[in-house]
Amino acid sequence: MATASNVAGTNPAQAQEFTRPVRSLWSDAWMRLRRNRLAMASIIYLFLLALVAIFAPVIAPHSPSRPTTTELRERGVYRQAAWVVDEKNPKRSGIWKFPLGTDSAGGDVLSRLIYGTRVSMVVGFIPMIFTLSIGITIGLISGFAGGKLDSLLMRFTDIIFSLPDILFFIIVQTAFSQTAFGKTFNGLLLIFLSFSAVNWASVSRLVRGQVLSLKEKEFVEAAEAVGVRRGSILFRHILPNTLAPIIVAGAFIVPSAIVTEATLSFLGIGIQPDTNPNNPFPTSWGQMILEGKSAIDSQPWILIASAIAIASITIAFVALGDGLRDALDPRQ
Amino acid sequence: MIGFIIRRVLAMIPVLFLVALITFFLMKQAKGGPFDQEKEVAPSTIALLNRKFGLDKPAWLNTAEFNNRMSADGPFAAVRGLFDSQFGNYMLNAVQGDLGPTYASKGTETVQDKIKQTFPISLRLGLISLTFALVVGFPLGILGALRQNTIFDYFSLIISTIGFSVPTFVTGLVLLLVMSKVFGVAPIKDPSVWEGFSMSYFPPAIILGLGTMAYITRLTRSSVLEVKRQDYIRTAKAKGLGDRVVILRHILRNSLIPVITILGPAVAGLVTGSFIIESVFRVPGIGSEFIGAIGSRDYSMIMGSTLFFSLLVALGNIMVDLSYGLIDPRIRNS
């Protein structure tokens, strides 16, 4: 895949020629994806966000956590965004030292926003990996084994599938958030686990369906006829052919995990805020929205900035998912 | 058909039981009882309250009672004794429609009363937003697909991508912000406006319906695009049918089916989405009640509303499955 995409990437003129190197499904898909401007813009934007998340301590102009008392004099309580002048209360007017203003504890909104990128990135990708691993394993077993095991697993999947998920998350958070386990990584671990515990069901249904239809294909029959072992058939012939829909499903799991975390934090039961300056995940965008909601009149920029952040990251992931689906499924 | 309904209703039972089991188990893991907030309450009073609510009994199985009754009254009474536990009694009452007293009211109000009070408000909100989602989403998707790659299509794509990806509490708060800063509309404080249908329902209902609307638009668009390329459409055009007939009778009818399939999850989304929107717009519906119950650790209210929400979601799915048969004769006959 890498070499093929390099050929297509470094020398597009050659790809246009009549005789061209062999193109796999993947390089074909990559070509189609590159033509999708919205998807490419999303990739670039998400790549930049990933850099922001990694280098947050370097980029952020101030510490995201509570300031010292001397700093607080300058930061004030609810300083407006830099371009807003508060005539009634000059102490609240914006200054360019704090471009998006400060929150009720004197925290710099821009720095918090930058650190918040970390939570969204981590909370998007790690649950996706968990969810896909569980879903693929159960789907493969179910579809390949068939019979009693299949119907048992699918009955179980159906039950998980019909759980109202956000309700389940809320109850899990309420139950465990005060325990030591619930506090691991500011509560991130708990969110990862509860999200994956419910969302694998749709992946396993998808994978099972794929396996069932691939099992009947001629190339599998041919492999069986030549005497390839069952394990190799499953992993060398069936699994690679299910990858395209799995990738698309994975691309849509990321934004839904991000939204879940933001929603839970907005309800006050998600990530737990931390004032320790050494904590890598001191704040999340959902939390900032919750704060912005109560400061909607005094410091609207907390709400506006975090709303734009969440909206743009989810739109970018969904656009990327759409692009991947169109690229990997030529029938559309 | 009747056999199908009965089978589906029976299939709901294990799901609801599992939901109750999981919820009950999780609630037991939470630290602190429901009466912990009042620090001044004497231990004897807490013991009294616990006895009143049956919290002095074992959580799952009452083996002591089982052994007692086994020797005294025989195996039948003993089995009943075994389930004389918090979970057993809860389930027995719940089956009869009694979801128990709310802890917050110290037993003066039952959970089903609370649901009866607040659910009509959420139902109105949900109905308006579902109507909005259908009335806007469907035409937007059709228009996008019929005029593919025109300005209509891009408009419908942009609206649906935003509605599909941005969480409702973000759009809701942005709308609130715009309403108060730009139009000077004050947030609603008087709860009586929610008693009948009123204009106040529209802002929260539109935000709540935005996601569903976007989903319907996306699905309708891709479904119409697929049907448009079918051979029978070319046949219909070839035999000289007018555009109107081809679109209404051939394209729309056939592209409706996949859209109906998501109405089940859509109804579920509206039900579970309502409590976030209700708390943003301060609508006193069952969702606000649920969020409040979480804050005050009112376990019976959390249990009761979770079961109620799950029942709604399950019923929604059954209705959708029934509607397939009505719309698509191919499914009805298989």
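Predicted model: local features only at pLDDT ≥ 70, side-chain atom pairs only at ≥ 80, totals over all residues.
**Chain B as a whole**

Chain B is built with 15 helices and 0 strands. Its C-alpha atoms occupy a box of roughly 85 × 55 × 30 Å along the principal axes. The radius of gyration of chain B is 25 Å, whereas a compact globule of 334 residues would have one near 20 Å. Of the 334 residues in chain B, 37% count as buried. When contacts in chain B between residues at least 6 apart in sequence are considered, 73% join residues at least 24 apart.

**Helix α9 of chain B**

Helix α9 of chain B covers residues 202-228 and bends by about 40° at L210(B). Because 20 of the 27 residues of α9(B) are buried, this helix is largely enclosed by the rest of the structure. A residue counts as buried here if 20 or more other C-beta atoms lie within 10 Å of its own.

**The contact between the chains**

Where chains A and B meet, 32 residues of chain A are in contact with 35 residues of chain B. On the side of chain A that touches chain B, the elements that give two or more residues are α9 (165-176), α13 (230-266), α14 (285-294) and α15 (300-328) of chain A. The largest share of this side, 9 residues, comes from α15(A). The table sorts the side of chain A that touches chain B by residue class.

| Class, side of chain A that touches chain B | Number |
|---|---|
| Nonpolar | 25 residues |
| Polar | 6 residues |
| Charged | 1 residue |

Key. Residues numbered from 1 in each chain as written. Chains lettered and ligands numbered in written order. Bend = angle between axes of the 7 residues up to and from the residue. Helix = DSSP H or I, 4+ residues; strand = E, 2+ residues; numbered from the N terminus. Buried ≥ 20, exposed ≤ 12 C-beta atoms within 10 Å, placed from the backbone. Contact = placed C-beta atoms within 7 Å. Nonpolar A, V, L, I, M, F, W, Y, C, P; charged D, E, K, R; others polar. Rg over C-alpha atoms; globule rule 2.2 N^0.38 Å.
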